[in-house]
Every structure is written in structure tokens, then in C-alpha cells.
Amino acid sequence: MSARDAKKPKGTSTTRSNRAGLQFPVGRIHRQLREGRYASRIGAGAPVYLAAVLEYLAAEILELAGNASRDNKRVRIIPRHIQLAIRNDEELNKLLENVTIASGGVIPHINAVLLPPKSKGKDGASQEY
């Protein structure tokens with residue numbers, strides 16, 4: 001008896017998320033696309049594609065935020081780590097440039113004009129006599 005001949009029980013069903021190999025819910029996204037009136041008709045592949053894109057973005061942000069939390073010697077990801085992850089990544093920053101993250105803070109930056117001038121002499125004096 002091969003794998004093709006073996007039939008699964010009638011009561012079991014496979015979700016579209018499982019078929020696509022995704023964690024994000026394809027069925028829920030399909031329902032929200034229909035109820036949102038974005039278009040009069042929604043194809044079968046549209047929610048699968050959208051779920052895959054959203055899952056990829058979430059995984060990317062979480063990976064960078066996890067790295068930021070590890071850099072700060074923390075175990076949990078807080079909004080500050082998400083802010084640092086997004087603002088330090090060029091593409092994510094461009095995508096989310098108009099987004100404000102609550103309790104995210106700002107990116108540390110001091111303009112070069114505001115820094116004290118560097119001394120050129122060996123003895124530390126900045127003026128030459």
C-alpha cells in the first residue's frame with residue numbers, strides 16, 4: 001500500500017496556511033480582504049501571497065529586534081528594540097519612515113558640529129604657540 005492509496009479520515013481538513021507552509025492565517029486574511037471592500041472580487045492566491053509577505057516582514061523585524069535586545073543584554077524584546085531594529089535597517093526605515101512606535105525613543109545621534117574639536121598636539125593642547 002503506497003502513500004497515494006492511504007486515505008485520511010473524512011473528518012480531518014488541511015488549512016490553507018498549512019498547505020502554503022505559513023504561520024500567518026490565510027483564511028482570516030481572505031475574510032478581511034472580502035469584508036474590507038478593497039475589490040469586488042478576491043482571487044484565491046491573493047490572501048496566500050499577502051500572508052507570506054506579512055510573515056516575512058514580521059520575521060525580519062523580530063530577528064533584528066532580537067539582535068538589538070541581545071546587544072543590550074536583555075532577554076525580552078521591548079518597543080525600544082523594535083525601534084532600533086527598524087531605524088538601523090535602511091529598507092525597513094524607508095518602509096516605516098512615517099510610523100511612530102510608542103515608547104520607542106529616538107536613535108542616538110550627535111551632530112559633528114556640536115562635538116568638541118579634536119586636539120592635534122601630543123600634549124593635548126588645541127592651540128599652537
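The buried residues of α2 pack against α1 (16–20) and α3, in what is a predicted model.

**Exercise 1.** Identify the buried residues of α2 and work out how they are arranged around the axis of the helix.

*Solution.* Begin with the residues themselves: in α2, those that are buried are Val26, Ile29, His30 and Leu33.

**Exercise 2.** Locate the salt bridge of the structure and describe the setting of its two partners.

*Solution.* The structure contains one salt bridge, and its partners are Glu35 and Arg31, whose closest N and O atoms are 3.9 Å apart. Both residues belong to helix α2 (residues 26–35), where they are separated by four residues, about one turn of the helix. For the accessibility step, recall that exposed means over 50% relative accessible area; Glu35, at 57%, therefore counts as exposed, whereas Arg31, at 35%, counts as partly exposed. Beyond the helix, α2 is followed by Arg37, which has a positive phi, near 60 degrees.

**Exercise 3.** Decide whether Ser69 is buried or exposed, and list what it touches beyond four places in sequence.

*Solution.* Leaving aside residues up to four places away in sequence, Ser69 touches Arg74, Arg76, Ile77 and His81.

Key: Residues are numbered from 1 along each chain as its sequence is written. This is a predicted model: local features need pLDDT of at least 70, side-chain atom pairs count only at pLDDT 80 or more; totals for chains, interfaces and linings use all residues. Side-chain values use heavy atoms; hydrogens and water are left out. Contact means heavy atoms within 4.5 Å. A salt bridge is a side-chain nitrogen of Lys or Arg within 4 Å of a carboxyl oxygen of Asp or Glu. Helices (H or I, at least four residues) and strands (E, at least two) are DSSP runs, numbered from the N terminus. Buried means under 20% relative accessible area, exposed over 50%, partly exposed in between (1.4 Å probe, protein chains only). The arc is that of the directions from the helix axis to the C-beta atoms.
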